[in-house]
Amino acid sequence: MIITKLLKSRRAVLEIDYGNLHLVRPCFELWRSFKNSYGEHKVHDIEDFTYYTVGTKRAFWRFLLLSDELAKGINLDIYDSVQTTLFWLTDGVHYLGSCSLRHNLNERLLTYGGHLGYSVRPSCWGNGLGTVQLQLLMDEARKIGLQTARLTCYETNKASRRVMEKNGAVKVDSVVNIVDGKNKPTLIYEIIL
């Protein structure tokens, strides 16, 4: 039985197949759906959201190259990053969210980012997708041999805290990160995989 739910966004109604939720690497087949989610982030004035702007096909092809290089650990100094596999949550038709699996951590990522990062497009908030997305991302982390994963979120991000705690994460510390010149109280969690 296929379970679907209609989710309204400013432009369209998404009919999501909850029986087909899975992670994929960023792909051209979902580019338009990904691009359509931009407006949702602007409407919600999401602060500190790292979102790859790929409004043109040319920019999208560059993004796919970046995604492949990060996953292979190539040109990390150019991207100021660590080896990272990017995924999209999808039901096979819609882009529903983005997530990152960082294979290791540098000093900055210990307190700001962690191994696992995830976000759900705003029109899909409050429907349990973040919880499923993190479960699927934890499966990917196990595949690369991680036994414990670190996650972080702003102290004010109650939704992200709930997602992490539903998946068994335990708060291990809190710090204040400075982001764009502002103090950002940040919670640090760990999950045993």
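**Cysteines**

A search of the whole structure finds zero disulfides, a disulfide being a pair of cysteine sulfur atoms within 2.5 Å.

**Basis of the model**

This is a predicted model, in which local features need pLDDT of at least 70 and side-chain atom pairs count only at pLDDT 80 or more, while totals for chains, interfaces and linings use all residues. Residues are numbered from 1 along each chain as its sequence is written, and side-chain values use heavy atoms, with hydrogens and water left out.

**Helix α3**

Helices are DSSP runs of H or I with at least four residues, strands are runs of E with at least two, and both are numbered from the N terminus. Helix α3 covers residues 57-72, 16 residues in total. From first C-alpha to last it reaches 23 Å, close to the 22 Å expected at 1.5 Å times one less than its number of residues.

Among the buried residues of α3 are Phe60, Phe63, Leu64 and Glu69. Their cover includes α1 (31-36), α4 (76-79) and β4 (84-90). After α3 comes Gly73, with a positive phi near 75°.

**Gln133**

Gln133 lies in helix α6 (residues 129-143) and is buried, at 0% relative accessibility. Leaving aside residues up to four places away in sequence, Gln133 touches residues including Leu23, Leu89, Cys99 and Tyr118, contact meaning heavy atoms within 4.5 Å. The Gln133 side chain also reaches the backbone oxygen of Ser119 at 3.4 Å.

Definitions and conventions:
Buried means under 20% relative accessible area, exposed over 50%, partly exposed in between (1.4 Å probe, protein chains only). A polar contact is a pair of N or O atoms within 3.5 Å; within protein, one must be able to donate a hydrogen and the other to accept it, and residues adjacent in sequence count only if both atoms are side-chain atoms.
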